[in-house]
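Hi everyone, thanks for coming. I'd like to walk you through one model today, so please have a look at it with me.

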Amino acid sequence: LAHCAHSFSETTLPKTENPLLCLMTTSFAAAALRDPKLQIPNYHGLRSSSAASSLSRNALSVPSSTRSSSLIRAVSTPAKSETATEKKRSKVEIFKEQSNFIRYPLNEDMLTDAPNLSEAATQLIKFHGSYQQYNRDERGSRTYSFMIRTKNPCGKVSNQLYLTMDDLADQFGIGTLRLTTRQTFQLHGVVKKDLKTVMGSIIRNMGSSLGACGDLNRNVLAPAAPIVSKDYLFAQETAENIAALLTPQSGFYYDVWVDGERFMSAEPPEVIQARNDNSHGTNFTDSPEPIYGTQFLPRKFKIAVTVPTDNSVDILTNDIGVVVVTGDGGEPQGFNLYVGGGMGRTHRMETTFPRLAEPLGYVPKEDILYAVKAIVVTQRENGRRDDRRYSRMKYLIDSWGIDKFRNVVEEYYGKKFEPFRSLPEWEFKSYLGWHQQGDGGLFCGLHVDNGRIAGKMKTALREVIEKYHLNVRLTPNQNLILTDIRAAWKRPITTILSQAGLLLPRYVDPLNITAMACPAFPLCPLAITEAERGIPSILKRIRDMFEKVGLKYNESVVVRITGCPNGCARPYMAELGLVGDGPNSYQIWLGGSSNQTSIARSFMDKVKLQDLEKVLEPLFYHWKQKRQSKESFGDFTVRLGFEKLKEFIEKWEGPAVPPTRHNLKLFTDKDTYEAMDGLAKLQNKNAHQLAMEVVRNYIASNLNGKGE
């Protein structure tokens, strides 16, 4: 027995006063090390039943009267008696429980020659930051590949990591990089045999994909702008600390991809202290995952941090929204907390819905990690685990109400939340173009259509980033920011970028500036119709509609498109959201606001792609004719109501087009016009649009960095 205690002193096994239990525990543990398939039912850290019972009483200290008996709890409790009724759990919950902390059977599947993973491993690899996919454009046999998503709190990407990702895209991917709506990279097209090489390269070059997918905290958003001010710096520091607090601790990621070698930066002491604190029963004691346990969270969990007015992060769409509150002199004092946001839903299931986060309360700055942890634990213990469609925290809050939710969180927090502090109006900030950082350096925000870095753009970005040794920030709007630029570099950098089509924002169509789309076809297994591949032509058609009804070029609406109802591009916050609901068919959502503070509503189902003009053209025309002063399209649709809007569509016969007062004649002969018209049709444009685009690009490339 003494040998037993000594041999396993460095494992997660607890000490016990029961010699037989110690021998049994030792035997199980030793066997598990030899055979990762050996699993212990309802694994809870191999604690004794008495210890587990004690933990169950302490950790779930919230009175049982406040909890619904119909909800499935986190599995880190003693084995139930034979007479107990086993509650329904989703298949993914069973996979997690049997995985030895997200290892098995992924570790074994990675050793086979099969091009794909088993069902269980397909779910588990998400926790490692990857999704198994196949090319849905191909018919017949499936060609499997993997998407790898990085995790970059605040969107921060070092020079070394950017160049590594650029190389990996060419060597192992499809030659492109995808910027996501959560400030990360996605690398598509990696085959299974190359996964370990690619993951290892990311890890060894200051990157990580741990927790970028799966049932745990995802990438933590923060304003990407490298503005040197107290509030912005504090928001970014807080986002990084929250990300560290909620990073898995059991080592499964490093075991699978780099043979157990750890590549972890030193954590701030306040993060370690907050993670280890169990004064209010938040932790699983003696577990390698003190916050997550064996079951992690019921579903994905999203957090964003920002400063007042800056809604570049879509703050209200997150499970937790954290807003810095400053005092005199701009000194950070604490945080307002929002909870319960989320976008995903299922078509024709009204019990699923997008939801805006709502105010929870205020906490002093020294308490933020404890408050966030308490919220996460409340979701861990009470979020549904039987039906994944209802497992997000928004459904828990919708069921309980905010007051009950607050009361339960306060039990784990150990304090009462202070009243929510007043905040100014939110603004969408893109940070495109050239700006002062505040430390003598410049940063340059670049618009990337749908976040897809490819071709000449990819080559030019690499040239600039490598030559000037620049660091990068990724934005929640699928754009990119180059940071720490010296004033003397502005002109040559502008020239290189503009020649590759990376233009200053005044040369980009305003519709494109705020538009977003998810990847959808051909690789996303959930896609119902096109999004990224379809949005360029849809935006051009909207611009044509604008011109037809007399709207000016500088006017715009926020357009977001997704290939399915899961909402990755946050279409339910758009003024005009198109959500795939069939082949070449979209559900149209209207009524979001330009600053992303109100949620849209479903306006019309099953609108075929070829019929968009029939629906949208009359709406744009009446918006121009009947809007109030500076009224946005989203606000206009809300004010008039859907019944009136549908009346406009039914009675539409086309706009009364006034004669053109100004006509820039771009073509002096028929041959030039016909040649331009032929090229334009190849790009789904008219001759005038293509000519204007050529002129704008020519002007931009010859400015050589002059002006903003």
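**Around strand β14**

Let's begin in a sheet: leucine 446 stands opposite leucine 480 in β14. Before I go on, a word on what we are looking at: this is a predicted model, where local features need pLDDT of at least 70 and side-chain atom pairs count only at pLDDT 80 or more, while totals for chains, interfaces and linings use all residues. Residues are numbered from 1 along each chain as its sequence is written, and side-chain values use heavy atoms, with hydrogens and water left out.

When I say strand, I mean a DSSP run of E with at least two residues, and a helix is a run of H or I with at least four, both numbered from the N terminus. Two strands pair if DSSP finds at least two bridges between them.

Back to β14, residues 480–485. Strand β11 (residues 442–446) runs antiparallel to β14, and 4 bridges join them. β14 also pairs with strand β13 (residues 472–474), again in the antiparallel sense, over 3 bridges. There, leucine 474 stands opposite leucine 480. Is β14 covered or open? It is mostly covered, with 5 of its 6 residues buried; buried means under 20% relative accessible area, exposed means over 50%, and partly exposed is in between, with a 1.4 Å probe and protein chains only.

Which residues touch the most other members of the largest nonpolar core? They are Phe405 and Leu480, in a core of 120 residues. By nonpolar core I mean a set of buried Ala, Val, Leu, Ile, Met, Phe, Trp, Tyr and Cys residues joined through side-chain atoms within 4.5 Å. Leaving aside neighbours within four places in sequence, leucine 480 has contacts (heavy atoms within 4.5 Å) that include Tyr162, Leu179, Cys444, Ile453 and Leu461. There is also a second, separate core of 40 residues, and Leu539, Ile542, Leu616 and Trp623 are among its members.

The hairpin of β13 and β14 has 5 residues between its strands. In that loop sits glutamine 478, which has a positive phi of about 70 degrees although it is not a glycine. Glutamine 478 counts as buried because its relative accessible area is 1%.

**The mixed sheet**

Now over to an open sheet of 4 strands, in the order β6-β7-β8-β9, with mixed pairing. Its edge strands are β6 (303–306) and β9 (358–364), each pairing on one side only. From one strand to the next, the twist averages 20 degrees. β6 and β7 (residues 320–326) pair in the parallel sense over 4 bridges, and within that pair alanine 304 has glycine 321 as its bridge partner in β7. Helix α9 (residues 230–245) packs on this sheet and touches β6, β7 and β8 (332–339). The direction of α9 makes about 160 degrees with that of β6; axes here are lines fitted to C-alpha atoms, for helices over the stretch in contact, and angles run from 0 to 180 degrees between N-to-C directions.

Do look at the loop between β6 and β7, where asparagine 318 is found. Asparagine 318 counts as buried, because its relative accessibility is 0%. Its side chain reaches the backbone oxygen of isoleucine 315 at 3.4 Å. Beyond four places away in sequence, asparagine 318 touches residues including Arg182, Lys302, Gly340 and Ala357.

**Two cis bonds and a caution**

The peptide bond from tyrosine 104 to proline 105 is cis, with omega near 5 degrees. A cis bond also joins phenylalanine 521 and proline 522, with omega about 10 degrees.

Finally, confidence: mean pLDDT, the predictor's confidence in each residue from 0 to 100, is 87 for the chain, and 85% of residues reach 70 or more. Over residues 1–84, though, the pLDDT is below 50. Where pLDDT is low, the predicted coordinates should not be read in detail.

How values were computed: A polar contact is a pair of N or O atoms within 3.5 Å; within protein, one must be able to donate a hydrogen and the other to accept it, and residues adjacent in sequence count only if both atoms are side-chain atoms.
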